[in-house]
Number of protein chains: 2
Amino acid sequence: MKKKELQGVKEIARRANVAIATVDRVIHNRPGVSEKTREKINKIIAELNYQPNLLASRLASGKIITLGVLIPSVTEETDFWEAPLRGIQRAENEIRQYGIKVELFFFDLRDPGSFVAQANRLLEASVDGIVLAPAFIDEARKFATACQQARKPCIFIDSNLPDQPSLSYIGPPLFQSGYLAAKLCTYVLRDHSKLLVVNIATAMDSYTYKEIEEGFRTYFTDHRQHYPIIRADIHQTDFSSVARQLQEQFDANPSIDAVFVSNSRAFSVARFLESAGLPRKPLLIGYDFVSENTRYLASGLIDFLICHQPEDQGYRSIMTLYQFLVFSTPVAKDYYMPIDIVTRENQTFYRN
Amino acid sequence: MKKKELQGVKEIARRANVAIATVDRVIHNRPGVSEKTREKINKIIAELNYQPNLLASRLASGKIITLGVLIPSVTEETDFWEAPLRGIQRAENEIRQYGIKVELFFFDLRDPGSFVAQANRLLEASVDGIVLAPAFIDEARKFATACQQARKPCIFIDSNLPDQPSLSYIGPPLFQSGYLAAKLCTYVLRDHSKLLVVNIATAMDSYTYKEIEEGFRTYFTDHRQHYPIIRADIHQTDFSSVARQLQEQFDANPSIDAVFVSNSRAFSVARFLESAGLPRKPLLIGYDFVSENTRYLASGLIDFLICHQPEDQGYRSIMTLYQFLVFSTPVAKDYYMPIDIVTRENQTFYRN
DNA sequence: CTGAAAGCGCTTACAG
DNA sequence: CTGAAAGCGCTTACAG
C-alpha cells in the first residue's frame with residue numbers, strides 16, 4: 001500500500017487562480033460564475049482529466065439519499081418476490097456505507113387497492129428515486145405519472161408499462177422467451193404432435209401473457225411448423241379446478257406432447273401430470289424459479305424453467321438508481337435480463 | 001435528502017473522556033493503550049453499536065490498495081479472455097473511487113514460460129491481493145505457494161487447483177456441466193444413436209477436460225442409457241487436421257447423432273459440419289460464448305453453448321478481493337458459476 | 001460573481 | 001500510555 005499522489009479541486013483552484021468554492025460551482029453547474037471564469041476552469045478540468053472524488057463528496061455533503069421500493073409482498077400463493085427483495089437488500093447493504101437508504105412498500109398482488117394505498121404512502125415519503133413493480137396496469141400508470149410530475153426517477157422492474165415515462169425498465173424480454181420455449185418444445189415434437197399452452201391466473205397481467213404467447217406462436221410460423229396449438233385459460237387457481245380443466249384437454253387431445261405454461265404456475269400442471277397417469281408424459285415448460293416449480297424440476301415432471309434472475313433484477317434496480325442519482329451515470333431505457341434455461345441438471349447452480 | 005444525525009469516534013471520545021486518537025487505537029487494535037482505557041472504550045463502542053465510516057476512513061488514510069491480475073492474453077486463437085478482462089475493468093472502474101488499483105499481467109496460453117515470467121513480475125509488484133487463472137497447473141501451483149508465503153490473498157478464476165491454498169475459487173462446476181450436456185443430447189438420441197466427444201487442444205488442461213467428460217459419461221450410466229460414446233482427441237487445431245479426423249469418425253460411425261465438444265472449439269466442428277454434407281446434421285454442443293461459436297450458433301450449426309459468464313467471473317474476482325481487503329467480508333471457498341445454456345433463441349440477451 | 005473558513009469522520013505523524 | 005492538530009478532497013453556509 002502506497003500513498004496516493006494528490007490532486008483535486010485544490011489543484012484546479014490553484015491553476016485557475018480562483019477559490020475552491022468557485023471550482024465547486026463549475027463542477028456542479030451551479031449559477032453564479034462568470035462565463036469567463038467558468039470557461040477557464042472547465043478547460044483546466046478537461047486538461048487534468050479531473051474525476052471528482054465521490055468519497056469525499058458524499059462525506060462532506062452528509063446527505064442521505066432515500067430510495068422507495070414498491071413491490072408485491074411474498075404470499076402463500078407465491079414466493080417469487082422473495083428474490084427481488086433479496087437483491088434489493090443486498091444492494092442496500094453494499095451502498096449503505098455511502099449514505100443510501102431504502103424504504104420498502106409492499107402491496108398485495110390480489111388487491112389493487114393495496115397497491116394504490118402503498119403508492120400514496122410512498123409518494124408522501126419524499127424519496128429521491130423509486131423502484132416499481134407495475135403489477136396493476138392502470139394503477140401503476142397513474143403512479144408513474146405522479147412520479148414524473150414530482151420529478152422522481154422511477155425504474156420499472158419485472159414487467160413494463162410501455163409508453164410510460166420511466167427512467168428505465170429492468171426485466172425479461174417476454175416475446176423472445178416465448179420464442180425460446182417454442183424451440184425447446186420442438187425437440188420432442190413428432191408428426192402428429194399437438195401443443196398445449198396454459199395460463200393459470202385469476203386475472204390481469206394479460207399484457208405479459210400475450211407477449212409471451214405471441215413469441216411462442218411466432219416461432220412455429222417462422223419455421224413453418226404448423227402443429228396444432230391448444231389453449232387453456234384457467235382462471236381458478238385451486239388445484240382441483242386446474243386438474244379438471246387439464247383433464248378435459250388431454251381427454252380431447254391425446255397427442256399433446258408438450259405443455260407450455262406462460263406464468264409461474266407450471267407446478268400445478270406438474271402436479272396434475274403426476275397423478276393423471278397419461279400414457280406418455282408430455283414435455284413441460286414453465287416460468288420462474290419458485291420453490292414449487294423447482295421441486296417438480298428436481299423430480300423430473302417439469303423439464304425446463306425459463307427464468308430471469310429476479311434477484312439480480314432487484315439488485316440492479318437499486319444500483320442503477322444509485323449510480324444515476326450519485327454519479328449521474330447514464331441509464332439504458334431498457335435493460336433486458338437474459339433468458340435462462342433451468343433444468344434438473346443445472347438447477348443447483350442457478351442463482352435466482 | 002435530509003441531514004444525517006451525527007456520530008462517530010468523536011462521540012466515543014467525548015463519552016470516554018479520551019482523545020480521538022486513543023479511540024482510533026482501540027478500534028484498530030493497535031498497541032499503546034492501557035487495558036483499562038481499552039475496556040472503557042470498547043464498552044462504549046458496543047453500547048453505541050458503532051460502525052466505522054469506511055468512506056471517511058479510506059479518504060483519510062489515503063492508501064491505495066493494488067490488486068494484481070494474472071490471466072491469459074487475448075490471441076487470434078481465442079477471444080475468450082476478453083470477457084473476464086472486461087469484468088475486471090468494470091469492477092476497477094466502480095471501485096477506483098475508493099482507492100483500489102488493478103495491475104494486469106498477461107501471459108500466453110501457448111507458452112508456460114510466459115506464465116512464469118509474468119508471475120515473477122507480479123510477485124515483485126508488491127500488490128495487496130491477486131487474481132489468478134491457473135492455466136498451467138505446475139507453474140500455477142508454485143505461484144500459489146509463493147503467494148501464500150507472502151501472505152497475499154489469491155483468488156483462482158475460471159479453473160481451479162484443488163488442494164491448493166487460495167482465498168477462493170470462482171468458476172464453473174465442470175463435472176456438472178458435462179452432465180447437463182449429456183442430458184441435452186438425450187433429446188435427439190434414438191435407439192441406435194452414437195455419441196461423439198471431441199476435444200480439440202494442442203495440450204494440457206487435461207484436468208478440466210477430464211472432469212467434464214466424466215460428468216458427461218456419468219449422466220448416461222446414472223440413467224442406464226448405454227449409447228456408444230466415441231472419443232476424438234484432436235491435438236492439431238488447424239481446420240484441415242480437425243476436418244480430416246472428424247471425417248474419419250463419421251465415416252466409421254454414420255449414426256453419430258450428437259457431438260459434444262468439451263472446450264471452446266465447437267466452431268471448428270461446426271465448420272466441418274457445414275461442408276461435410278452429412279445425411280443428417282447431428283446435435284452439436286460446445287462451450288463458451290466466443291465470437292466464432294456464436295456465429296455458428298446463430299446459423300444453427302451449433303445447437304447449445306454451455307457458458308459460465310466469464311465477464312462476471314472477472315468482475316466478481318475483483319469485487320471479492322476488494323470486499324475482503326477493505327471490509328474484511330468473509331469469502332466463500334468455492335463460488336460456482338451457474339451453468340448457462342445458450343441457444344440461437346436466447347443468445348442476443350446473453351450477458352457473457 | 002467570488003472567496004475564506006469550517007466541517008464531514010476518519011488517520012497520521014508528532015509531541016509529551 | 002495519551003493527546004492536540006493537521007489533513008484526506010470535498011461541500012456548505014456566510015461574507016463581501
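Which side chain of chain A does Lys183(B) meet in a salt bridge? The partner is Glu345(A), at 3.3 Å from N to O. A salt bridge here is a side-chain nitrogen of Lys or Arg within 4 Å of a carboxyl oxygen of Asp or Glu, and the rule finds 2 of them across the interface of chain B and chain A.

Before going on, note that this is a predicted model, where local features need pLDDT of at least 70, side-chain atom pairs count only at pLDDT 80 or more, and totals for chains, interfaces and linings use all residues. Residues are numbered from 1 along each chain as its sequence is written, chains are lettered from A and ligands numbered from 1 in the order in which they are written, and side-chain values use heavy atoms, leaving out hydrogens and water.

Now look at where the chains meet. In chain B, 50 residues are in contact (heavy atoms within 4.5 Å) with 49 residues of chain A. The residues on chain B's side divide into 27 nonpolar, 10 polar and 13 charged; Gly counts among the polar ones.

Let's turn to the sheet in chain B. Its 6 strands form an open sheet with mixed pairing, in the order E8-E7-E9-E10-E11-E13. Strands are DSSP runs of at least two residues, helices (H or I) of at least four, and two strands pair if DSSP finds at least two bridges between them. E8 (229-234) and E13 of chain B each have a single partner strand, so one side of each is left without a neighbour in the sheet. Further in, 3 bridges join E9(B) to E10(B), and these two run parallel. Val259(B) stands opposite Leu284(B) in E10(B).
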